Amino acid sequence: MDDARLSPPLPPLLPLFPLHTVLFPGALLPLHVFEARYMDLATRCLKDDAVFGVNLIAEGREVGAPARPYEVGVSARIVRCDMVRPGTLDLVTRGERRYRVLRSEAGPNGLLLGEVEWLAEAPPTPIPGNCAPLVALLRAIVADAGEERLPGPHAFDDAGWVGLRFAEVLPIPAQAKQALLELDDPADRLEIVRQFLDQRGLLAERLEKG
């Protein structure tokens with residue numbers, strides 16, 4: 001039997017959590033939840049082992065009136081939940097799949113619900129030769145950050161995974177991270193990262209250190 005048949009169907013409707021940050025597939029994102037709409041969302045997701053969407057905010061704020069999100073976001077699954085005090089939840093979520101919001105509307109409690117199309121996942125892509133120094137640099141970053149920050153499984157031979165991890169950790173504006181998230185070609189994303197690091201001399205510095 002085809003393993004793909006065993007995977008649960010991807011929902012066409014997704015509750016959205018707009019934030020001033022970009023979530024990438026495979027990345028961890030801690031969330032401190034206290035608004036009623038997101039407490040209810042977290043409770044439902046935990047009960048049903050369901051996902052919600054994380055989108056960068058284009059206009060608006062994280063609290064209060066519903067914000068206008070960028071179209072492309074990433075589904076998030078709760079992997080850890082703690083209630084430090086009544087009325088708040090501390091979550092750790094992990095990014096899974098990219099999607100595009102076709103339309104969205106706010107429910108009675110202000111929670112955004114989006115009609116989404118799920119974007120295709122790129123197959124594993126070899127690291128281009130001119131991007132090979134990025135792998136050594138990323139290995140050092142992962143070793144320094146530790147499993148708590150950049151957990152496995154690691155795929156240092158996959159241009160898609162390597163590019164996403166750099167997009168996650170690079171100190172660049174959220175809008176630049178969003179642009180990297182929206183790229184469909186892993187090789188294009190990795191080349192942009194290579195040029196960014198090369199222009200700042202970071203790859204040459206890494207090569208000199210061996």
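This is a predicted model: local features need pLDDT of at least 70, side-chain atom pairs count only at pLDDT 80 or more; totals for chains, interfaces and linings use all residues.
The protein as a whole has a mean pLDDT of 90, with 93% of residues at 70 or more. Residues 1-6 stay under 50 and have one contact beyond four places in sequence, a contact being heavy atoms within 4.5 Å.

Some housekeeping: residues are numbered from 1 along each chain as its sequence is written. Local features need pLDDT of at least 70 and side-chain atom pairs 80 or more, while totals for chains, interfaces and linings use all residues, and side-chain values use heavy atoms, leaving out hydrogens and water.

Now for Glu-105, which sits in strand S6 (residues 89-106). Leaving aside residues up to four places away in sequence, Glu-105 touches Leu-111, Leu-112 and Leu-113. Glu-115 is ten residues from Glu-105 in sequence, and their C-alpha atoms are 8.9 Å apart.

On to the cysteines: the whole structure has zero disulfides (pairs of cysteine sulfur atoms within 2.5 Å). For Cys-45, the nearest cysteine sulfur belongs to Cys-81, 11 Å away. Two cysteines are buried, meaning under 20% relative accessible area (1.4 Å probe, protein chains only):

| Residue | Relative accessible area |
|---|---|
| Cys-45 | 5% |
| Cys-131 | 0% |

Terms used:
Helices (H or I, at least four residues) and strands (E, at least two) are DSSP runs, numbered from the N terminus. Buried means under 20% relative accessible area, exposed over 50%, partly exposed in between (1.4 Å probe, protein chains only). pLDDT is the predictor's confidence in each residue, from 0 to 100.
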